Amino acid sequence: MEVLKVDSISKNFGGVQAVKDYSMIQNDNIITGIIGPNGAGKTTIFNLISGVQQLSSGKVFFNGNNITKNSSFERTRMGISRTFQNIRLFNNLNVIDNLKVAYGFKTEYNFWQQMINSGKVRRVEKEVHEFAMSYLTDFGLEKYKNYKPDSLAYGLRRRLEFARALIVNPKLVLLDEPAAGLNPQEIHDLIDLISRIQEEQKLSIILVEHHMELVMKICTRIHVLDFGQKIAEGKPEEIRKNEKVLQAYLGDEV
Amino acid sequence: MMFYARVLEITLLYTIFVIWIYPLTGLTGLFSLGQGAFIVLGAYTAAISYLKFGFNPVIAIIFAVLLGIAVGALIGLPTLRLRKDYFLLITFGFSEMMRGLLLWTAQLTGGAMGIAGIPKYVRLPTISISVLVILLFMSNLKKTRFGKNCIAIKDDELAASAIGINVFSHKMKVFMLSAAVSAYAGALYAFNIMFIEPNLFNWIESAKLIIIVFVGGLNSLTGAFLTSVIYYTFGEVFRFANVWRDVILGFIVILVILFREKGLFGNWEFSITKIFRFLIHRLPTSKEGK
């Protein structure tokens, strides 16, 4: 089933064309990788899909609905979660609260009930707490629940951000360089984690990554970008042999 | 005795102002130099509707709050989508505008002469109950999801909206509530001090409220409350020290910012449940001791 359809989107920053006529169709229950040299527009595409930046032209459809005009938080509520290239956690909230605020929009009490801290609020909050704890345990972070994120090791922070993106049970997850800054062992664990969770929740994942081993291992389809344009698309083994891709990465004289 | 009751009244009045700067600056990370203007707005609305239009004081105070909310919405709608530094400048402009407006509509407001002869309807009990109720509401909001969302917005607006928080609506709610409570406190002020004038709360006073929140600790409501109580009591009791009073206070502020970056109280929060738990924890051992 088609989850996301991106219809020839473009983005200009002043005179610079960061993304040009990019289209993609993402089905459910698969992992797609987007690769390309630095500055190819990979993160910009994520920003356009998640609504962090407004696109210059084109359309984005999610579950058949046109979401081009929807803002970032509305798209998240519909079921598009994301992580960031430079980890963006809330450092004034402790680890478990980072998950709880992400789950927040699924709870059903209003502002005034919170003001008087009514019984309903306390009951729901208790459930949310237990649910968040089960998530932390699942991600091996339960020891750190009362730590502030900036006191955690880099790999754990990545994992927490991943957990935060998943706790709302999204349909589509955008992972922006999940392996950046991790050591080989941590990358190995990450590959296991992503594949396990993808299988369990039948998630649709799009990831941007420079680590080729990870991309080739877990992605079912790969898109290659260069200068904001898609230059190739296909299965990992096809991409490996594609001449245009080799040119973009290694130069003309290959 | 009268003197101390008086000091307590004034201290608690100012504390209401500080408690509602706290959600704005401490939780959401918005700097507003216009809170003083909302206080003045509340004070004038209450005083004028009582003296010129003969409304009951309770209704006068309700008017003040409603007008505070309306003006808060009017200022918030176009400005809260802007970057935080622009928001600061606009609230500064609003504060100066309010002062100018009060001076120029002298027939209604008495201009630079202010309004005198407001009866004293609000005394210590009303103020104390107001402080308690407002403190309770605020601490509930901080504990529950709303407060945590606000902290998330302060830390990283982009990430907050990426996890589904409606950033604008949160900022609007905080700003309007803070305008409402400031106007309410302003109305109490008018009925307690009995005299108001346009320069009552200029932007320097608003800045002072923000500084108190910073010294108390951005993450601690208890800190904001206690620091404000100490600051204003200190101010009144040490009035004899004259100019030196401000020098000492300024020095303390510099020391705190330099050596305790997170404020005097850091992340610490007063909690009755924690105290209960602590006592229950201690109880068996004390019984065994007997």
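Colleague: In this predicted model, which residue of chain A forms a salt bridge with Lys148(B)?

Modeller: The rule asks for a side-chain nitrogen of Lys or Arg within 4 Å of a carboxyl oxygen of Asp or Glu, and across the interface of chain B and chain A it finds 2 salt bridges. In one of them, the closest N and O atoms are 3.6 Å apart, and the partner of Lys148(B) is Asp97(A).

Colleague: Which helix gives the most residues to the side of chain B that touches chain A?

Modeller: The elements that give two or more residues to this side of chain B are helix H6 (124-143), helix H7 (145-155), helix H8 (157-162) and helix H9 (167-193). With 8 residues, the element that gives the most is H7(B).

Colleague: How many nonpolar residues does the side of chain B that touches chain A have?

Modeller: In the contact between the chains, 29 residues of chain B meet 28 residues of chain A. Sorted by class, the side of chain B that touches chain A holds 8 charged and 8 polar residues, while the nonpolar residues number 13.

Colleague: How much area do chain B and chain A bury between them, and what share of it is on carbon and sulfur atoms?

Modeller: The two chains bury about 2600 Å² between them, and the share of this on carbon and sulfur atoms is 62%. On the side of chain B, Arg145(B), Leu158(B) and Ile163(B) supply 25% of the area buried against chain A, which is more than any other three residues supply. To come back to what you asked, the values are about 2600 Å² and 62%.

Colleague: Why is one side of strand E2 and of strand E5 of chain A left without a neighbour in the sheet?

Modeller: The sheet in chain A is open, with 4 strands in the order E2-E1-E4-E5 and antiparallel pairing. Strand E2 (16-27) and strand E5 (65-66) stand at the edges of this sheet, so one side of each has no neighbour, and the reason is that each has a single partner strand.

Colleague: How many bridges join E1(A) to E4(A)?

Modeller: Strand E1 (residues 2-13) and strand E4 (residues 57-62) of chain A run antiparallel. Along this pairing, Asp7(A) stands opposite Lys59(A), and Ser10(A) has Ser57(A) as its bridge partner.

Colleague: Which residue in the turn between E1(A) and E2(A) has a positive phi?

Modeller: E1(A) and E2(A) pair in the antiparallel sense over 8 bridges, and Leu4(A) stands opposite Gln26(A) in this pairing. The two strands form a hairpin with 2 residues between them, and the residue in the turn with a positive phi, of about 60°, is Gly14(A).

Colleague: At what angle to E1(A) does helix H1 of chain A run?

Modeller: Helix H1 (residues 42-50) lies across E1 and E2 of chain A, and the angle at which this helix runs to E1(A) is about 120°.

Terms used: Residues are numbered from 1 along each chain as its sequence is written. Chains are lettered from A and ligands numbered from 1 in the order in which they are written. This is a predicted model: local features need pLDDT of at least 70, side-chain atom pairs count only at pLDDT 80 or more; totals for chains, interfaces and linings use all residues. Side-chain values use heavy atoms; hydrogens and water are left out. Two strands pair if DSSP finds at least two bridges between them. Contact means heavy atoms within 4.5 Å. Axes are lines fitted to C-alpha atoms, for helices over the stretch in contact, and angles run from 0 to 180 degrees between N-to-C directions. Buried area is the accessible area (1.4 Å probe) that two parts lose on being put together, summed over both. Ala, Val, Leu, Ile, Met, Phe, Trp, Tyr, Cys and Pro count as nonpolar, Asp, Glu, Lys and Arg as charged, and the others, Gly among them, as polar.
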